[in-house]
Amino acid sequence: MAALAPPVAAIRVAVRRALTGLPSGGPVLVACSGGADSLALAAATAFVAPRLGRVVGLVTVDHGLQAGSAQRAEAVAAWAREAGFTPATVVRVEVAGRPGGPEAAAREARYQALTEVAGQLGAVAVLTGHTRDDQAETVLLALARGAGPRGLAGMPARRELSGVPLLRPLLEIGREQTRAACEVLGLSPWQDPHNTDPSYARSRVRADVLPALVRALGPGVLDNLARTARLVAADNAALDEVAQAALAAARHPGGGLRVPELVGLAPAVRGRVLHAWARELGAPPGALSYRHVAALDALVTGWHGQGPTDLPGGVRVLRRADRLAPVGPT
Ligand SMILES: Nc1ncnc2c1ncn2[C@@H]1O[C@H](COP(=O)(O)OP(=O)(O)OP(=O)(O)O)[C@@H](O)[C@H]1O
C-alpha cells in the first residue's frame, strides 16, 4: 500500500484533534469556499468524521459578487455530495447594503449564513480553513496598525459563533500543505481573484511582504509569527481573567465604576477593565479603539475636570467625583 502523502496526513491529524471532544449529536459543518484551504479541510473532514462516528455537512456561501459565483458554489456542493457530505448546501447571501467595506460586508453576511445553517442543523461545530499563513498575515497586519495584544493574538483556534463553536483546525498547517494535499487528492481548487487583488492590504501582505520576510529571514518566519499569536493569546486569556475580577471589584453599588479602585491597577489590567466595561455599556467591540480606551483612562489617571468621553454606539461616560458613570440613554 502506498504511504499516505505527508500533507494529507498532517491535515487529517489536525482535523481529528479538532473534532475530538466535541459533544455528540448534530453534524460538524465545514465552511468551504472551494479554495485550496477549505477544500483540503473538507476532504480531511469527510475522511476523519465518519471514523469518529460523526455526520459531516458542508456549506458554501455564494456572495453573488463575481460573475460565475453561483456555478462555483454549485460545483463545490456537487463535489461535496459525491464526497459524502449530508447536507451539502449552497447559501446565497446579499452583501449590498451592509455596513463597512465590501470585504467586511461579505464576511458578516457569510458568518450570518453559517450561523443560521448551523442552527437549523443543530451542528456541534463549524469548521473553517484558515491556515498558519492566514494567521501570519493577521499578526503582521495587526503589528502594522499598532494593535495591542488582542490584535497580535490573531485568530483563535476556537470561538463561539452565536452559541456554536467555530473551529479553525488548520491554524498550524501551511498553505503550501493545503495546495499539496489538493494536488495529491486530485482536487481542483477555485482561485479567489480577491486573494490576489492588490487593492486589499491582506493580498499585498500575502504577495509581497511575507515572501520578502521569508527571503530575508528564512522560512521559519511563518511558523514563528503563528507562534507569537499563540503565546500572546495565552497571556491575553490570563490577563482577561485578572481584569474580570478587577472589574467586579471596581463596581460602584449605585452603578458605574469607582475611580480609586481603578487607579491602583496596572495599566494593562485597567485598559482591559475599561474595554470590557465599555462593551458592557453597549460600545460595539469592532469599533472600540485604542483611542477610546485611552480617553476613558484619562478620566481616571489624567483627571482635570474634562467633559464626558464619547464611545462608539452612542455611549457617553462622565466622571463625577470618584465615580465613572454612563450618561444619557445607553
Ligand atoms: N464563500 C464561502 N463559503 C463558505 N465558506 C467560506 C467562503 N469563503 C470563505 N469561507 C471560509 O472562511 C475561510 C477563510 O476564508 P478566506 O477567504 O479568508 O481565506 P482563504 O485562505 O482564501 O481560504 P480558502 O482557500 O479556503 O478560500 C475559508 O477557509 C472557509 O472555511
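The structure is a predicted model, in which local features need pLDDT of at least 70, side-chain atom pairs count only at pLDDT 80 or more, and totals for chains, interfaces and linings use all residues. Residues are numbered from 1 along each chain as its sequence is written.

The protein has twelve helices and ten strands. Both are DSSP runs, numbered from the N terminus: helices are H or I with at least four residues, and strands are E with at least two. Along the principal axes, the C-alpha atoms fill a box of roughly 75 × 50 × 40 Å. Of the 330 residues, 36% are buried. A residue is buried if 20 or more other C-beta atoms lie within 10 Å of its own, exposed if 12 or fewer, and partly exposed in between; the C-beta atoms are placed from the backbone. Contacts were also examined by sequence separation. Two residues are in contact if their C-beta atoms, placed from the backbone, lie within 7 Å. Among contacts between residues at least 6 apart in sequence, 69% join residues at least 24 apart.

The chain is divided into domain 1 (6-219) and domain 2 (251-327). These bounds come from an automatic or database domain assignment. The centres of the two domains, taken over C-alpha atoms, are 37 Å apart. The UniProt annotation "domain: tRNA(Ile)-lysidine synthase substrate-binding" covers residues 257-324. Residues 257-324 are 47% helix and 19% strand, and their end C-alpha atoms lie 5 Å apart. UniProt positions follow the numbering used here, feature names are shortened, and annotations may be inferred rather than shown by experiment.

Helix α9 takes up residues 220-250. Its 31 residues reach 44 Å from the first C-alpha to the last, close to the 45 Å expected at 1.5 Å a residue. The expected span is 1.5 Å times one less than the number of residues. Buried residues of α9 include L222, L225, A226 and A229, as well as A243, A246, L247 and A250. An α-helix has 3.6 residues a turn, so residues three or four places apart point the same way. The cover over the buried residues of α9 includes α5 (132-144), α6 (149-152) and α8 (201-217). It also includes β7 (257-258), α10 (259-263) and α11 (267-281).

A250 belongs to α9. A250 counts as buried because 22 C-beta neighbours lie inside 10 Å. Leaving aside neighbours within four places in sequence, A250 contacts L257, R258, E261, L262 and V273. A125 is 125 residues away from A250 along the chain, and their C-alpha atoms are separated by 36 Å.

The ligand is surrounded by 17 residues, and the closest are S33, G35, S38, T128 and G129. A residue is near a molecule or strand if its C-beta atom, placed from the backbone, lies within 6 Å of it. The shell around the ligand has five nonpolar, eight polar and four charged residues. Ala, Val, Leu, Ile, Met, Phe, Trp, Tyr, Cys and Pro count as nonpolar, Asp, Glu, Lys and Arg as charged, and the others, Gly among them, as polar. Helix α2 (36-51) and strand β2 (56-62) each supply at least two residues of the shell.

For "binding site", the unreviewed UniProt entry lists S33, G34, G35, A36, D37 and S38. S33 lies in the loop between β1 (28-31) and α2. S33 is buried, with 22 other C-beta atoms within 10 Å. Beyond four places in sequence, S33 contacts S38, T60, W190 and D192. A36 lies in α2. A36 is buried, with 26 other C-beta atoms within 10 Å. Beyond four places in sequence, A36 contacts T178, R179, C182 and P189.

Most residues other than glycine have a negative phi, and most peptide bonds are trans. The bond joining T86 and P87 is a cis peptide bond, with omega about -5 degrees. P87 lies in the loop between α3 (69-82) and β3 (88-92). S162 is not a glycine, yet has a positive phi of about 45 degrees. S162 is found in the loop between β5 (158-161) and β6 (164-167). With 12 C-beta neighbours inside 10 Å, S162 counts as exposed. A321, also not a glycine, has a positive phi of about 50 degrees. A321 lies in the loop between β9 (315-320) and β10 (323-327). A321 is exposed, with 5 other C-beta atoms within 10 Å.
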